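Please keep the sequence and the coordinates at hand while reading.

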Amino acid sequence: MTSSPVSPPPDAARPAPGPQLVHTAAALRALPRRSGVRAVVMTMGALHEGHAALIRAARERVGPQGQVVVTVFVNPLQFGAGEDLDRYPRTLDDDVLLAARAGADAVFAPSADEVYPGGEPQIRISAGPMGTVLEGASRPGHFDGVLTVVAKLLHLTAPDLAFFGEKDAQQLAVIRRMAADLNFPVEIVGVPTVREADGLARSSRNRYLSGPERRTALALSAALFAARDRLTAEEALRARAASAGYPGQDRSAALAALGEDRAAADAHAVAYAAGPLHGPSVACAAAGMVLADAAHLDPPLHLDYLALIDPRDFTEVPDGYEGEAILAVAAKVGTTRLIDNIRLVFTASGAPYPPAAPERHAGSQEEPAPGPASGVPRKSRKSTPPQGPLGATR
């Protein structure tokens, strides 16, 4: 007597439906709009785990009744002279597969003619002062191109929510400002940076790095982690000095109260702990030392900028600043230009130090320890007082 094979439950052997791939605005409008909200994730293709994190965040936010649309469009307006427009990878088939696994409902992959009928637009959106510093100074006109295509894609996809990665911190800031200033009916959502197991921030450009270049590129994340750890150590020392209850000028009494060996004590650190806030310069100096070391590696790291900025308007913050700031870095290794950043929080003396939101690592739950730091920063920018807060769409 033979037993009958057990039948699989309904749909168990049936592959999950993939996202619909559409290439025109008309086809996108024809897609059934579900009863829930629509989220859009804008990309230039060559999708990786960082993009997948954006798609998953969008999927979680909108729920099963919502709709997630991923756009794939290599925008010519945001590439400057000599940049890698033609070299930028086009991997649409793989992109659709990744989008499907991450939970997208549709992939909108228009042609340049579809997005810019009649050629490049004569009227564009200006990023204003926020678009002229840091990345904007290194790549003039870049953010005007970014905002123009984001505005067009927001009109074409008509989302309730739009998700962008925090790795591109300045891009996220100018998009939030545009949405607020021009009254776009959309919520701009930032998603934490996704890092590889060795700490390198995920980027489509990482594939251009050779083995030795990648090792040098790790200095970017190591520098940011060094700044974070140095700031955490300073905050802890300040809290200890404050708990001892001694005035700043009574250094010997403070040392004795802390149980320090004066012969081995770090007088500079104690002076900082007992004196006024110096967090921003300390954080920048710690990062700068790592980057200075990397300038002597083979191949070397060529620093473009290292800046600690107010996320509301991208002006640099001075010593004595309190609140959230972004430490941003850009550098070139070989022919590949990379950017990275980390969020830091500066508090008043004796106040508790809130930890930054954790960044995501591929294959690791913790950030790697930063490498050794020595030397001095090769490049810095003069600090200017932060401007007033701007109304950003959250």
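In the largest nonpolar core, which has 43 residues, Val150, Leu154, Phe164 and Ile188 touch the most other members. A nonpolar core is here a set of buried Ala, Val, Leu, Ile, Met, Phe, Trp, Tyr and Cys residues joined through side-chain atoms within 4.5 Å, where buried means under 20% relative accessible area with a 1.4 Å probe and protein chains only. Among the elements that supply at least two residues each are strand S2 (38–43), helix H6 (142–157), strand S5 (161–165) and helix H7 (169–181); H6 gives the most, with 8 residues. Helices (H or I, at least four residues) and strands (E, at least two) are DSSP runs, numbered from the N terminus.

The model is predicted: local features need pLDDT of at least 70 and side-chain atom pairs count only at pLDDT 80 or more, while totals for chains, interfaces and linings use all residues. Residues are numbered from 1 along each chain as its sequence is written, and side-chain values use heavy atoms, with hydrogens and water left out.

Leaving aside residues up to four places away in sequence, Phe164 touches Met42, Leu54, Val150 and Ile188, among others; contact means heavy atoms within 4.5 Å. Another core, of 32 residues, lies apart from the largest one and includes Ala223, Phe225, Ala287 and Leu344.

Which residues line the largest cavity? They are Lys167, Leu200, Ala201, Ser203, Asn206, Leu220, Ser221, Leu338, Ile339 and Asp340, and S10 contributes the largest share, 3 residues.

Methods. Buried means under 20% relative accessible area, exposed over 50%, partly exposed in between (1.4 Å probe, protein chains only). On a 1 Å grid over the protein atoms alone, a cavity is a set of points where a 1.4 Å probe fits but cannot get out, and a pocket is an open set with protein on both sides within 12 Å along at least five of seven lines; lining residues have an atom within 4 Å of a point.
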